[in-house]
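Please look over the sequence and the structure below before reading the notes.

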Amino acid sequence: MITVSINGENRSFDAPLTARGLLDALSLDPRKVALERNREIVPKSMFDDTQIVDGDQLEIVHFVGGGQQSAVSEGYRVTDPLQIAGKTYGSRLIVGTGKYRDFEQTAEAVAASGAEIVTVAVRRVNVSDPDQPMLTDYLDPKSITYLPNTAGCFTADDALRTLRLAREAGGWDLVKLEVLGDKATLYPDMRETLKAAEVLISEGFKVMVYTSDDPLFARELNDMGCVASCLWGLLSDRDWVFKIRSISA
């Protein structure tokens, strides 16, 4: 018998098993989740060859609703299309997928908006209820661009870990990098942001970065290779505005 930690909970199995065998035992679809073993991502191509042994620390994640509306346009389509990382979008609206009653309502709202990009969060799978619905069951990743984001991350290491898991779960390279420095104002930690952006770009990610309005930081991120910037701006004690700007090559 082996005992492993899965998403912070101890689980016991009769014998060692492969990563795929573990997911099968938990009734989880390997195509819809990402698996981390002892803080190392297990590629889907290695599920059959990776042995899960006693004492392993495992994280299994998937996409859930998350993020807020990041840009506003009038109507479903615009005459000046949005271009990011070499791809053209007919709508300039980027829609968050959190705060809805359920995934069905999320899908209805996205369809009504005409948006082609949605922000998503990466969260632990509920291994106690494998039949719990997943966002990908309602929003087809083949027709909607998923934009994984690191909202809630306060260090470069946490942001890197989150986005690496996101790419393994869904295969998307376009990501929204946020590393916060202050919980109350959501002001970004630019030192950690720069550190994370440099690593992500070196690993082939296309980074839309959440940044302060400091032009020197913006230029450094541009020169580094970020594909777009999302600017923080404080309007009052209670209201924040985020402006998105595509960075020209």
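Is Cys153 buried or exposed? Cys153 is buried, because its relative accessibility is 8% and the cut-off for buried is under 20%. This is a predicted model, and the points below are grouped by topic.

**Cysteines**

- Cys230 also falls under the 20% cut-off, with a relative accessible area of 4%, so Cys230 is buried.
- A disulfide is a covalent bond between the sulfur atoms of two cysteines.
- The count of disulfides in this model is zero.

- Thr50 sits in the loop that runs between strand S5 (40-42) and strand S6 (51-52).
- The relative accessibility of Thr50 is 13%, so Thr50 counts as buried.
- Thr50 and Thr18 are 32 residues apart along the chain, yet their C-alpha atoms are separated by 5.4 Å.
- Setting aside neighbours within four places in sequence, the residues in contact with Thr50 are Leu17, Thr18, Ala19, Arg37 and Val42.
- The side chain of Thr50 also reaches the backbone oxygen of Met46, at 2.8 Å.

**Salt bridges**

- Side chains of opposite charge can pair when their charged atoms come close.
- Asp56 is buried because its relative accessible area is 3%, whereas Arg37 is partly exposed at 25% relative accessibility.
- Another salt bridge joins the side chains of Asp102 and Arg101, at 3.5 Å from N to O.
- Asp102 is partly exposed, with a relative accessible area of 32%, and Arg101 counts as exposed at 63% relative accessibility.
- Glu178 and Lys176 meet through their side chains in a salt bridge of 3.2 Å, N to O.
- Glu178 has a relative accessible area of 9% and is therefore buried; Lys176, at 11% relative accessibility, counts as buried.

Note on methods: Residues numbered from 1 in each chain as written. Predicted model: local features only at pLDDT ≥ 70, side-chain atom pairs only at ≥ 80, totals over all residues. Heavy atoms only, no water. Disulfide = S-S within 2.5 Å. Buried < 20%, exposed > 50% of the residue type's maximum accessible area, 1.4 Å probe, protein only. Helix = DSSP H or I, 4+ residues; strand = E, 2+ residues; numbered from the N terminus. Contact = heavy atoms within 4.5 Å. Polar contact = N/O pair within 3.5 Å; in protein donor to acceptor, adjacent residues only side chain to side chain. Salt bridge = Lys/Arg side-chain N within 4 Å of Asp/Glu carboxyl O.
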